[in-house]
Amino acid sequence: MADVSAAPDPIGRTLSPGELVTTMSHFHRAEILRMTGWRDRLDRTSNWAITVVAAMLSVSLSTASAHHGVLLFAMLLVLLLLWIEARRYRFFDVYRARVRQFERHYFAQIFSPQPDFASDWLLIVGESLRAPKFLISQRAALARRLRRNYIHMLLILLMAWILKLSTPSLLTEGVRIGFVGSVREAVTGAALGPIPGVVIVVLVAALYAGLLVTAFLAAGDEGELSFGDVHV
């Protein structure tokens, strides 16, 4: 009778060195393609956001009949695109991490061997294939994309909104070109329907304070992002 307590044989056969190199080369190429595909999606979302900012600035600042709420609406649209891009970035980060494992632990050791350099990177890649998991949270992804691209677009919208409120000729037709006489006058002009201007100003200030804290006071880069300066 067979010994049922014996350890089972591994599934499949052991690859020869040549077959292993071929397999790793094809796998690396496939991960590059997947990473590139998600990077292209990131660029598309950023391009949409830039288009939104340019269009809303053109509409709002070209005529006094355009309400300042157009710029507030643009801020909301850019925030929505930021959320979508952060989600896409989490997928991109999974495949980028696999590619970087190959670059740091396989190709770099071929081109510039380090005798004391050891890592269980193949086990990490294998477990990632068995049970794919996000490597960063949505908040961390938001902070990274905000620092890279979106904080600049949102600041441009904020400056345009302030310019709109502080320049009477951009709010009412026929008014002379110049700035408002007081801050109170600008705050009053920020009213949005039945909502007083001071409430709108406080909400916008709180929003931007939160964005700045998220972008620049978040935890530093970890994992593969801590090696070198060239990363997304």
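**Entry 1: ground rules.** I am working with a predicted model, in which local features need pLDDT of at least 70 and side-chain atom pairs count only at pLDDT 80 or more, while totals for chains, interfaces and linings use all residues. I number residues from 1 along each chain as its sequence is written, and side-chain values use heavy atoms, with hydrogens and water left out.

**Entry 2: the whole protein.** I looked up the secondary structure and found six helices and zero strands, where helices (H or I, at least four residues) and strands (E, at least two) are DSSP runs numbered from the N terminus. Along the sequence the pattern reads α-α-α-α-α-α. Of the 232 residues in the protein, 36% are buried, a term I use for under 20% relative accessible area, with exposed meaning over 50% and partly exposed lying in between (1.4 Å probe, protein chains only). I then turned to contacts, meaning heavy atoms within 4.5 Å; among those with a separation of 6 or more, 76% come from residues 24 or more positions apart.

**Entry 3: α1 against α2.** Two packed helices are described by the angle between their axes and the distance between the axes. For helix α1 (residues 17-62) and helix α2 (residues 69-111) I noted an angle of about 165 degrees and axes 9 Å apart. The axes are lines fitted to C-alpha atoms, for helices over the stretch in contact, and the angles run from 0 to 180 degrees between N-to-C directions. Angles under 35 degrees count as roughly parallel, over 145 as roughly antiparallel, 65 to 115 as roughly perpendicular and the rest as oblique, and α1 and α2 are therefore roughly antiparallel to each other. By class, their contact has 29 nonpolar, four polar and eight charged residues; Ala, Val, Leu, Ile, Met, Phe, Trp, Tyr, Cys and Pro count as nonpolar, Asp, Glu, Lys and Arg as charged, and the others, Gly among them, as polar.

**Entry 4: α2 against α6.** The axes of α2 and helix α6 (residues 197-216) come within 13 Å and cross at roughly 30 degrees, so this pair is roughly parallel. On the α2 side I found Leu72, Met75 and Leu79, which meet Ile200, Val204, Leu207, Tyr208 and Leu211 in α6. The residues of this contact divide into eight nonpolar, no polar and no charged.

**Entry 5: Asp93.** Is Asp93 buried or exposed? I found Asp93 in helix α2, and its relative accessibility is 5%, so it counts as buried. The Asp93 side chain makes a polar contact with the side chain of Arg96 at 2.5 Å, a polar contact being a pair of N or O atoms within 3.5 Å; within protein, one must be able to donate a hydrogen and the other to accept it, and residues adjacent in sequence count only if both atoms are side-chain atoms. Leaving aside residues up to four places away in sequence, Asp93 touches Leu135, Ile136 and Arg144.

Entry 6: Ile156 lies in helix α4 (residues 138-166) and is partly exposed at a relative accessible area of 39%. Not counting residues up to four places away in sequence, Ile156 touches Val53 and Leu57. Thr51, in helix α1, counts as exposed at 52% relative accessibility.
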